[in-house]
Amino acid sequence: MRIAIAGISHETNSYCQANTFVDDFYQLRGDKFLATFNQESDIGGAVAACHRMDVTPVPILFVSAQPSGIIDHGTYQRFKSEIIEGLAAATDIDGVVLCLHGAGVVDGIEDLEGDLCRSVREVFGAGFPITASFDLHGNITQSMADALDGMFACHHYPHIDLHERAAEAVELAVRIRRESLTTATWVTTVPMLLPTTTTFIDPGKRRLRMMLEAEQEAGVIDVSWFHGFPYTDVGHIGCYIVVTTEGDAAQARRIGTRLAHGLWADRELFRPDSLSAADAVTAAMQASRPSTGAAAPIVIHETSDNCGGGAPGDGTHLLRAMLDAEMPNACFGFIVDAETAGQAHSAGVGARINIRLGGKTDDLHGDSLILDAYVKALHDGRITLQAMFRGAPLNLGPMARLQPVDSDMDIIVVSRRSQTFDAEPFLALGMDVLRYRYVALKSSNHFRAGFQDLAAQIITADPPGLTTHHIEVFPRQRTSQPLWPIDDRAEFNP
Ligand SMILES: [Zn+2]
């Protein structure tokens, strides 16, 4: 049996000022595509599942970019054409598995995945197995579901199970082929802009458990809870329960509606506590270390400047508050500023440099910091992830560990946009996060996969930024529907 694998994966933040183009995407084809089998990513999981099931994976094209602005129309058409033509030319394939995000927006097309899935279906027609894996931050439409035979969103946030869910998409495609199975998928949309919510702790953990329990009913293939991506302006915005059954559409609808009612009833539990940068710093400095004497740092995460949601990563609000408070024994890992990283690399280890750090992308994320700093260590920025996406390479570009001359704070500066996933960038620059009392970073929840077990406490800083929990600040032109929590008139009537 032969299964073709393809995908376009992008989380589009329509509030970003710049569009996203071909060169912003990394592209996998052929042997490089197949070499991902040992990575805990969607594509890696799909390839590995094929090997496990004695199925031949047929790589077409997979492209992905850091979350960023609306995708240029020509860029999307170019990738889409390569996928459609590649699939049409692939001989003797028995099914197609797509690795998608779900929140892709193209200039002129507000549902990238719906457009792509419909086009793939047109190539093969009804009855041919086509399944897909997704990021739980997808914004989902019934039209997307109608073009597919099954949809598998990662269950966890941090997304530690992307590879497992893509494997399930492969397994279903194979099963449909072998058993001539027909499936039904129902999408229930809840009018919620769910703040970024981890499934590692309650209320997200409890809600996820209820979704998974619903999967145990006979005839149910999958229940996916799509949190949705609120940092984009599309007409189908929301939070979604997607249920796939062995052909019983009424069953899928009944289960989805029941779970959606439960989520809606619990919505106030998801309203986040947001601290300003200064308040987060104060809270951290007032928090006491555990009496066990364990060397566990207090982790402060700047949720509002998360590259993983489209923010620039060069915001200075939290770093400035930490410097103003003269926080002792602290490190910041990391801030994105290619110019400053390059300056440090030119000067060399031991040099003292005058820097204008961060705050260079826009006015929202804070002003640049003018500092005199020592260059303590340098690295090329090529690391291998060890928590979420375990085994996958990450290129942060030239990076540096800087220390302001009048402070003992270590600040990591990298050249390429990314959020902080785990402690690897610190280690690369000779820093053991357990030796710091305070560790600050930029991420909404993915960092938890690498830091939850080593942190004494996690404190959320939410200064102004493109991925703030204050989602009421973003204008919405594509929908007039009242949405929780920004409009008290919001109602759920499935
Ligand atoms: Zn996500």
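Which strands does helix α10 (residues 317-324) lie across, and at about what angle does the helix run to β11? The views below take up this question after an overview. The model is predicted: local features need pLDDT of at least 70, side-chain atom pairs count only at pLDDT 80 or more, and totals for chains, interfaces and linings use all residues. Residues are numbered from 1 along each chain as its sequence is written, and side-chain values use heavy atoms, with hydrogens and water left out.

Figure 1. The protein chain holds 13 helices and 19 strands (DSSP runs numbered from the N terminus: helices are H or I of at least four residues, strands are E of at least two). Its radius of gyration is 23 Å, which agrees with the value near 23 Å for a compact globule of 494 residues (taken over C-alpha atoms; the globule rule is 2.2 Å times the number of residues to the power 0.38). Buried residues make up 61% of the 494 residues (buried is under 20% relative accessible area, exposed over 50%, partly exposed in between, with a 1.4 Å probe and protein chains only). The domain assignment gives domain 1 (2-270) and domain 2 (277-468); such bounds come from an automatic or database assignment. The contact between them takes 24 residues from domain 1 and 24 residues from domain 2 (contact means heavy atoms within 4.5 Å). The C-alpha centres of the two domains lie 31 Å apart.

**Figure 2. The six-stranded open sheet.** The strand order is β2-β3-β1-β4-β5-β6, with mixed pairing (two strands pair if DSSP finds at least two bridges between them). β2 (25-28) and β6 (150-153) are the edge strands, each pairing on one side only. From one strand to the next, the twist averages 15° (axes are lines fitted to C-alpha atoms, for helices over the stretch in contact, and angles run from 0 to 180 degrees between N-to-C directions). β2 pairs with β3 (residues 56-65) in the antiparallel sense over four bridges, and V63 in β3 is the bridge partner of Q27.

**Figure 3. Strand β8 and its partner β9.** All seven residues of β8 (residues 220-226) are buried, so the strand is largely enclosed by the rest of the structure. Six bridges join β8 to β9 (residues 239-245) in the antiparallel sense. D222 stands opposite T244 in β9.

Figure 4. The order is β12-β13-β16-β17-β11-β18-β10-β19, and the pairing is mixed. β12 (352-357) and β19 are the edge strands, and the twist averages 30° from one strand to the next. Helix α10 lies across β10, β11 (330-336), β12, β13 (369-379), β16, β17, β18 and β19, running at about 155° to β11. Helix α9 (residues 277-286) lies across β10 (298-302), β18 (438-441) and β19, at about 165° to β19. β16 (residues 399-404) and β17 (residues 410-414) pair in the antiparallel sense over three bridges, with I412 in β17 as the bridge partner of R401.

**Figure 5. Surroundings of T467.** T467 is found in the segment after β19 (457-461). With a relative accessible area of 1%, T467 is buried. Leaving aside neighbours within four places in sequence, the contacts of T467 include Y231, T303, D305 and G310.
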